[in-house]
Amino acid sequence: MSALIEVILPVFLVIGIGWLATWAKLISKDAVEGLMYFATNLAVPILLFLAISRLDLGRSFDPKLLVSFYTGAVSGFFAGLLGARYLFGRPWMDSVAIGFVTLFSNSLLLGLPITERAFGSDALGPNFAIISIHAPTCYVIGVMAMEIAKSQGNGIGAALKGFARSMSRNPLVIAIILGFVVNLSAIPMPLVVTDAFELIARAAIPAALFGLGGVLYRYRPEGDVKTVAYICAVSLILHPAVTWGVGRFVGLEEAPFRSAIITASMAPGVNAYVFANLYGVAKRAAATAVLVATVASIVTAWGWLSLLAM
C-alpha cells in the first residue's frame, strides 16, 4: 500500500490536477497546448540530452535489457494487431493502429517519474536506454505495418523516407543524438550552460504530467468497450509479463529488470492516439484506450511494484 500512496499516487495526482484545471476552465485549451509544447519540444529534450550525455553507456545499454523490454513490446503489438483483426473483426488498418497502441507504452511521462520515486534518480539509466530508441523503434514497426496494410507492400520505401524526415525534425530524437555525441566525444560542457539546462530540465516532468492531464480531458470514454478492455489487458498485463519472463530467462540484473518492468507496465502514451489520428483509423478506440489505461495503471502499476518488492 505504501508504494501506491508514496510512489504512484503523487504522479497521477499531478495528472489529475491538470485534468481538473482544464475541466474547471482554470487553464485554457491553448494554454495546455502551449505547456505541452514547452514540455515536449524544449524541457523534455533538454532532460534527455543531459541524461544521455552523462550515461555510462557500457553499463546502461545492456542487450539483455533491450531484448527483455522490446520482446514484450513487440509481443504486445502482435497481440493488439491480431486480436483486433480476428477477435473483433476490425479492418487491417484499424488493427495496425490498435497494435500500435499496445506497442507504445508511456515510457517517458509515466515510466520515468514512477521509477525515480520508487528507486531514486540513480536508477534511471536503464530507463533512458529504453527511451533513447523507443520512438524510432515503435514508429518503424507501426509505419511498416500500416503501409503493408494499405498497399500490400507497395510504397513502404516512400513511407520510411517520410518517417526518416519526420524523425530528423523531432526535438526528442535530435536531443538524444546530441546527447550521444557529447557522451562519446567527451566534449566538455560549460558549467553555466549545464546549470541553465538543469533548471529547465527540472520543469520537464511536472509540466508534462500537468499538461497530459489537460490533454486527457479531451478524450471522452465512448464506445469500443471490448476493444478498449482488450487493449488495456495487453498493455498493462501482457507486455510487462512477457518482459518479466524474458528478463528472468536471460538473467537480467535486478536494477535494469526493475526499470524494464515499470516501463513495460505503463499505459499507452498520447503518441498512440497521434498515430491513429495520422492515418484516420481507430481514433475513438485509441483515444479512449489512452485515457482508460492511464487511469487503470494506477492500480496495475502498484501491482507490478508490489511484485518487484517480493
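Biologist: Start with A51: buried or exposed?
Modeller: A51 is buried at 15% relative accessibility, where buried means under 20% relative accessible area, exposed over 50% and partly exposed in between (1.4 Å probe, protein chains only). Before we go on: this is a predicted model, with local features needing pLDDT of at least 70 and side-chain atom pairs counting only at pLDDT 80 or more, while totals for chains, interfaces and linings use all residues. Residues are numbered from 1 along each chain as its sequence is written, and side-chain values use heavy atoms, with hydrogens and water left out.

Biologist: And where does A51 sit?
Modeller: In helix α2. Helices here are DSSP runs (H or I, at least four residues; strands are E, at least two), numbered from the N terminus.

Biologist: OK, charges. How many salt bridges does the structure hold?
Modeller: Five. To count, a side-chain nitrogen of Lys or Arg has to be within 4 Å of a carboxyl oxygen of Asp or Glu.

Biologist: What's the N to O distance for R54 and E198?
Modeller: 2.7 Å, between their side chains. R54 belongs to helix α2 (residues 29-54) and E198 to helix α11 (residues 191-217), so this pair ties together parts that are 144 residues apart in sequence. E198 is partly exposed, at a relative accessible area of 24%.

Biologist: What does R284 pair with?
Modeller: D224, with the closest N and O atoms 3.1 Å apart. R284 is in helix α15 (residues 283-309) and D224 in the loop between α11 and α12 (225-250), so parts 60 residues apart in sequence get tied together. R284 is partly exposed at 43% relative accessibility, and D224 is partly exposed too, at 21%.

Biologist: Which residues are linked in a network with those two?
Modeller: R90 and D94: together with D224 and R284 they are linked in a network of salt bridges.

Biologist: What about E254 and R248?
Modeller: Their side chains form a salt bridge as well, at 3.3 Å from N to O. E254 has 36% relative accessibility, partly exposed, and R248 is partly exposed at 41%.

Biologist: Now packing. How do α12 and helix α13 cross?
Modeller: Their axes come within 8 Å and cross at roughly 160°, α13 being residues 254-264. The axes are lines fitted to C-alpha atoms, for helices over the stretch in contact, with angles running from 0 to 180 degrees between N-to-C directions.

Biologist: Which residues of α13 meet α12?
Modeller: E254, F257, A260, I261 and A264, facing a set in α12 that includes W244 and R248, with contact meaning heavy atoms within 4.5 Å. By class, the contact has six nonpolar, four polar and two charged residues. Here Ala, Val, Leu, Ile, Met, Phe, Trp, Tyr, Cys and Pro count as nonpolar, Asp, Glu, Lys and Arg as charged, and the others, Gly among them, as polar.

Biologist: And α6 with α11, how do their axes cross?
Modeller: At roughly 125°, coming within 10 Å, with α6 covering residues 107-119. That makes α6 and α11 oblique to each other. L108, L109, L110, L112 and P113 of α6 make the contact with I205, A208, L209 and L212 of α11. By class, that contact of α6 with α11 has nine nonpolar, no polar and no charged residues.

Biologist: Change of topic: how many residues of α7 are buried?
Modeller: Eight of its eight, for a helix spanning residues 125-132.

Biologist: And H134, buried or exposed?
Modeller: H134 is buried at 2% relative accessibility, in helix α8 (residues 134-151). Leaving aside neighbours within four places in sequence, H134 contacts F69, Y70, L103, F104, S105 and S107.

Biologist: Last one, backbone. What's the phi of K25?
Modeller: Positive, about 60°, although K25 is not a glycine. Most residues other than glycine have a negative phi. K25 is in the loop between α1 (2-23) and α2, and is exposed at 69% relative accessibility.

Biologist: What about A186?
Modeller: Its phi is also a positive value, near 55°. A186 lies in the loop between α10 (171-185) and α11, exposed at a relative accessible area of 58%.

Methods. Angles under 35 degrees count as roughly parallel, over 145 as roughly antiparallel, 65 to 115 as roughly perpendicular and the rest as oblique.
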